[in-house]
Structure formats: structure tokens, C-alpha cells
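Please look through the structure shown here before reading on. The report is meant for a reader who meets this chain for the first time.

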Amino acid sequence: MRLSPCSIGLREQTFPRSSGAEGPACRRMASALVMRFNPVYPRPMRVSPHRGKEESVEMCRVLRAISVVCAFGWFANALLHLLLLIGMPLGSFVLGGKYTVIPIAMRPINFLLMLLWSLCGWSYLAYGGVIFHAPRRHLRPSLIIMTVFLLLASVFNIAITSSSTERYATGTLSVVMVLLSAVLLLGSSERARTISWLRCGTS
């Protein structure tokens with residue numbers, strides 16, 4: 001049965017109608033009784049004072065995990081070029097599958113790309129604070145350039161290449177990496193400081 005101030009009758013029984021001072025006190029008492037004994041009456045939600053801090057810590061963990069996944073993608077590309085450098089028949093993953101084994105004259109390019117992609121992977125780990133806490137404002141321009149490159153590589157790998165292996169393997173990896181890289185940049189931006197569920201260190 002729902003209770004109300006009228007059914008309790010506190011106003012009429014306890015305080016006279018003519019007393020203006022007791023009226024608000026009666027109404028507060030009646031409301032307290034209704035909230036205590038009526039299970040249907042809406043109760044105020046209790047919010048933990050540490051909720052914002054917990055969300056911030058959780059979001060930082062998510063961004064750190066994203067940086068690890070992105071770094072893994074770059075290291076996978078570096079490993080691919082290392083295997084191409086030593087003459088493994090994995091040419092179908094690059095250059096539209098034009099070469100099964102990369103010619104010796106082109107292998108210095110594989111060496112340079114192996115070093116470059118490894119550096120990109122370490123940059124993502126540093127940005128996520130996994131290996132050491134480098135200032136993000138110094139690494140952020142590099143990550144933006146890498147994200148743009150991943151976007152262009154995704155377009156080539158998906159829409160332009162004639163190699164099905166490059167389209168479905170390398171292309172899928174580059175698409176996943178560009179999406180995660182964009183999330184990482186957005187989640188660690190200055191704008192993220194004003195959004196409760198994106199509060200993470202942006203030093």
C-alpha cells in the first residue's frame with residue numbers, strides 16, 4: 001500500500017493548520033516516513049566519492065592496452081621485413097605480391113623498414129607509458145603521422161593491391177591499427193580532460 005502525507009495525517013493531528021512554522025517541519029517528517037516505509041518511493045542513488053578516480057584509472061588501463069596492441073602490429077610488420085630481408089618467400093604480403101622472394105637489390109629497403117617499424121612500435125609503448133613515461137606532447141605529433149600513414153596504407157592494402165594475401169592479412173591488420181591508433185589519440189587528447197570517462201593523464 002502506498003503511503004502519502006495525506007494518509008498519515010500528521011498535519012491535522014500534530015500541528016494546527018494556522019501555525020505556519022510547523023507546516024514545513026510536518027511535511028519533512030511525512031516525507032521521511034514515506035521514504036522509509038514505502039518500498040515503491042524512489043530513493044536517492046548513492047554515488048561513490050571515488051567513482052571519477054576509478055573511471056580515470058580504468059580508462060588509463062584501456063589506453064595502455066591499446067598502445068600495446070598497436071605496438072604489436074608495428075613489431076609484426078618489422079618481423080615481416082626481417083623475414084623478407086633474409087630471403088623468406090613472403091613477398092605476397094607486400095608490394096602487391098609482385099615478388100615471391102624480394103630481390104637482393106631491394107633488401108636494404110626491408111632493413112630500413114624493419115628499423116623504422118620497430119621504432120614506431122617502441123613509440124607506441126612509450127606513449128602508453130608501458131616501457132617508460134615519456135612526455136606525450138613530444139610523441140603525439142609522431143603518432144599522428146603514423147596514424148595518417150596507417151590510413152593511407154589501409155586504402156592501398158584494401159582497395160588497390162592485387163594480392164589477396166596482402167588485402168586480407170596486411171590490410172586487415174592496418175585497418176585495425178588505424179582504428180585503435182585513432183582511439184588512443186582521442187582518448188589521450190586535451191579534450192579528453194573534460195569528459196569524465198576519458199580522464200587520463202595527458203602530460
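## The chain as a whole

This is a predicted model, and its chain holds seven helices and zero strands, so that the pattern read along the sequence is α-α-α-α-α-α-α. Of the 203 residues in the chain, 34% are buried, while the accessible surface comes to about 12,900 Å², with 68% of that area belonging to carbon and sulfur atoms. Among the contacts between residues at least 6 apart in sequence, 59% join residues that are at least 24 apart.

## The nonpolar core

The largest nonpolar core has 22 residues, and those with the most contacts inside it are Trp74, Tyr124, Tyr127, Leu143, Met146, Leu150 and Leu184. Two or more residues of this core come from each of helix 4, helix 5 (107-127), helix 6 (136-160) and helix 7 (164-187).

Leucine 150, one of the residues with the most contacts inside the core, touches Trp74, Tyr124, Ser174, Met177, Val178 and Ser181, when residues up to four places away in sequence are not counted.

## Aromatic pairs

The structure holds five aromatic pairs. One of them is formed by tryptophan 74 and tryptophan 117, a tilted pair with 5.2 Å from centre to centre and 45 degrees between the planes; the pair links helix 4, where tryptophan 74 lies, with tryptophan 117 in helix 5, 43 residues apart. Tryptophan 74 and tryptophan 117 are both buried.

Tryptophan 74 also forms a stacked pair with phenylalanine 149, at 6.4 Å from centre to centre and 25 degrees between the planes. Because tryptophan 74 lies in helix 4 and phenylalanine 149 in helix 6, this pair ties together parts that are 75 residues apart in sequence. Tryptophan 74 counts as buried because its relative accessibility is 2%, whereas phenylalanine 149, at 38%, counts as partly exposed. Ring pairs link Trp74, Trp117, Tyr124 and Phe149 into a cluster.

## Two residues in their surroundings

Serine 67 is found in helix 4 (residues 51-85), and with a relative accessible area of 0% this serine is buried. The side chain of serine 67 reaches the backbone oxygen of arginine 64 at 2.6 Å. Not counting residues up to four places away in sequence, serine 67 touches Tyr124, Leu125, Gly128, Val130 and Leu184.

Leucine 116 has its place in helix 5 and, at 39% relative accessibility, counts as partly exposed. Leucine 116 and phenylalanine 75 are 41 residues apart in sequence, and their C-alpha atoms are 9.9 Å apart in space.

Key:
Residues are numbered from 1 along each chain as its sequence is written. This is a predicted model: local features need pLDDT of at least 70, side-chain atom pairs count only at pLDDT 80 or more; totals for chains, interfaces and linings use all residues. Side-chain values use heavy atoms; hydrogens and water are left out. Helices (H or I, at least four residues) and strands (E, at least two) are DSSP runs, numbered from the N terminus. Buried means under 20% relative accessible area, exposed over 50%, partly exposed in between (1.4 Å probe, protein chains only). A polar contact is a pair of N or O atoms within 3.5 Å; within protein, one must be able to donate a hydrogen and the other to accept it, and residues adjacent in sequence count only if both atoms are side-chain atoms. Contact means heavy atoms within 4.5 Å. A nonpolar core is a set of buried Ala, Val, Leu, Ile, Met, Phe, Trp, Tyr and Cys residues joined through side-chain atoms within 4.5 Å. Accessible areas come from the Shrake-Rupley method with a 1.4 Å probe; for residues, only the protein chains shown count as cover. Rings of Phe, Tyr and Trp (its six-membered ring) pair if their centres lie within 6.5 Å; planes under 30 degrees apart count as stacked, over 60 as edge-to-face and the rest as tilted.
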